[in-house]
Amino acid sequence: MNVKELYSILNEKIPQELSCPWDNDGLMCCPDGSREVRRVLVALDVTADVAEKAATEGYDLIVSHHPFIFKGLKSVTDDNFLGNKAISLISKGVSVASFHTRLDAVEGGVNDTLASLLELKNVLPFGDEGIGRIGEIEGNITLEELAKKVRKALGAPFVLCADGKKIPKRVAVLGGEGGDDIENARAAGADTYISGRLGYHSMTDAPDFGMNLIEAGHYYTEAPVCAVLAELIKEADAKIEVDIYESNRIKAI
């Protein structure tokens with residue numbers, strides 16, 4: 001199976017029509033679409049170390065969540081970090097495919113994975129693009145207990161919690177930057193909203209507008225989807241060797 005054939009299969013499973021209008025993803029770097037895919041490196045981000053590993057260790061393709069190229073490139077030179085990565089990958093014939101907001105929205109993607117890890121029941125989409133998920137949490141649980149559950153499930157070093165004085169029952173989740181969807185989560189009936197980043201002012205105001213907020217880190221709320229991407233690649237061709245690289249560069253001290 002070559003690069004373009006594998007991308008075509010993934011494109012069918014994670015359709016581009018689910019992407020937000022402002023997004024930029026897809027087959028982002030493809031020096032040779034006919035290259036046979038034997039090894040794939042999956043990562044949340046195409047950082048310089050991800051690119052170096054792929055280029056020097058014989059990978060044919062990188063599959064990422066965050067786009068390798070988000071804003072339009074005006075030049076590809078060795079004078080900037082993105083140009084350097086592109087030159088390194090192209091010189092070694094390594095392609096990059098990124099699946100961003102469509103992977104958030106698709107069934108079984110970022111936010112279904114997040115809802116499953118937190119054991120939410122009766123899960124439904126919410127928000128303008130249907131990206132977020134909202135469901136019910138079983139049993140009686142305090143906000144502090146839920147926050148600890150989130151931290152453990154995601155392997156996060158810590159989470160931030162703002163108490164809206166509600167017993168968690170109906171919980172909304174959205175991986176990554178979720179601050180713009182707080183009102184959408186509340187309109188969907190959530191008493192508690194969990195995301196990667198929500199912002200200082202929203203967290204400070206949570207008790208005033210009566211909603212529990214849990215901020216668990218952008219990376220930690222999205223990284224579990226890398227295992228989903230790896231499985232989709234293996235389903236496409238069981239002979240492909242797939243490795244997952246932890247691209248997180250933000251450390252708690």
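Which residues in helix 1 meet which residues in helix 10? Leu-6, Ile-9, Leu-10 and Lys-13 in helix 1 meet Leu-232, Ile-233, Glu-235 and Ala-236 in helix 10, where a contact means heavy atoms within 4.5 Å. What we are looking at is a predicted model, in which local features need pLDDT of at least 70 and side-chain atom pairs count only at pLDDT 80 or more, while totals for chains, interfaces and linings use all residues. Residues are numbered from 1 along each chain as its sequence is written, and side-chain values use heavy atoms, with hydrogens and water left out.

Let me stay with those two helices for a moment. Helices (H or I, at least four residues) and strands (E, at least two) are DSSP runs, numbered from the N terminus. Helix 1 and helix 10, the latter covering residues 225-236, pack at an angle of about 120° with their axes 10 Å apart; here the axes are lines fitted to C-alpha atoms, for helices over the stretch in contact, and the angles run from 0 to 180 degrees between N-to-C directions. Angles under 35 degrees count as roughly parallel, over 145 as roughly antiparallel, 65 to 115 as roughly perpendicular and the rest as oblique, and helix 1 and helix 10 are therefore oblique to each other.

A second pair of helices can be described in the same terms. The axes of helix 2, residues 48-56, and helix 3 come within 9 Å and cross at roughly 15°, and these two helices are therefore roughly parallel to each other. The crossing of helix 2 and helix 3 is left-handed, and the contact is made by Ala-48, Ala-51, Ala-54 and Ala-55 of helix 2 together with Lys-85, Ser-88 and Leu-89 of helix 3. As a general point, an α-helix has 3.6 residues a turn, so residues three or four places apart point the same way.

Now to the aromatic rings. Rings of Phe, Tyr and Trp (its six-membered ring) pair if their centres lie within 6.5 Å, and planes under 30 degrees apart count as stacked, over 60 as edge-to-face and the rest as tilted. By this rule the count comes to 4 aromatic pairs. One of them is the stacked pair of Tyr-7 and Phe-99, at 5.8 Å centre to centre and with 25° between the planes. Why does this pair tie together parts that are 92 residues apart in sequence? The reason is that Tyr-7 lies in helix 1 (residues 3-13), while Phe-99 is in the loop between strand 4 (95-98) and helix 4 (101-105). For accessibility, buried means under 20% relative accessible area, exposed over 50%, and partly exposed in between (1.4 Å probe, protein chains only). Tyr-7 is buried at 13%, and Phe-99 is buried at 0%.

Trp-22 and Phe-70 also form an aromatic pair, which is edge-to-face, with 6.2 Å centre to centre and 75° between the planes. This pair links distant parts of the chain, 48 residues apart, with Trp-22 in the loop between helix 1 and strand 1 (26-29) and Phe-70 in the loop between strand 3 (61-64) and helix 3 (81-91). Trp-22 is exposed at 53% relative accessibility, whereas Phe-70, at 40%, is partly exposed.

Let us turn to helix 5 and what follows it. Just after helix 5, Glu-119 takes a positive phi of about 60°, although Glu-119 is not a glycine. Glu-119 sits in the loop between helix 5 and strand 5 (121-126) and is partly exposed, with a relative accessible area of 46%. Lys-165, also not a glycine, has a positive phi of about 65°; this residue is found in the loop between strand 7 (160-162) and strand 8 (170-177) and is exposed at 67%.

I will finish with Ser-95, which lies in strand 4. Is Ser-95 buried or exposed? Ser-95 is buried, with a relative accessible area of 0%, and, not counting residues up to four places away in sequence, Ser-95 touches residues including Val-3, Cys-29, Cys-30 and Pro-31.

Definitions and conventions:
A crossing is left-handed if the near helix is turned anticlockwise from the far one by less than a right angle, and right-handed if clockwise.
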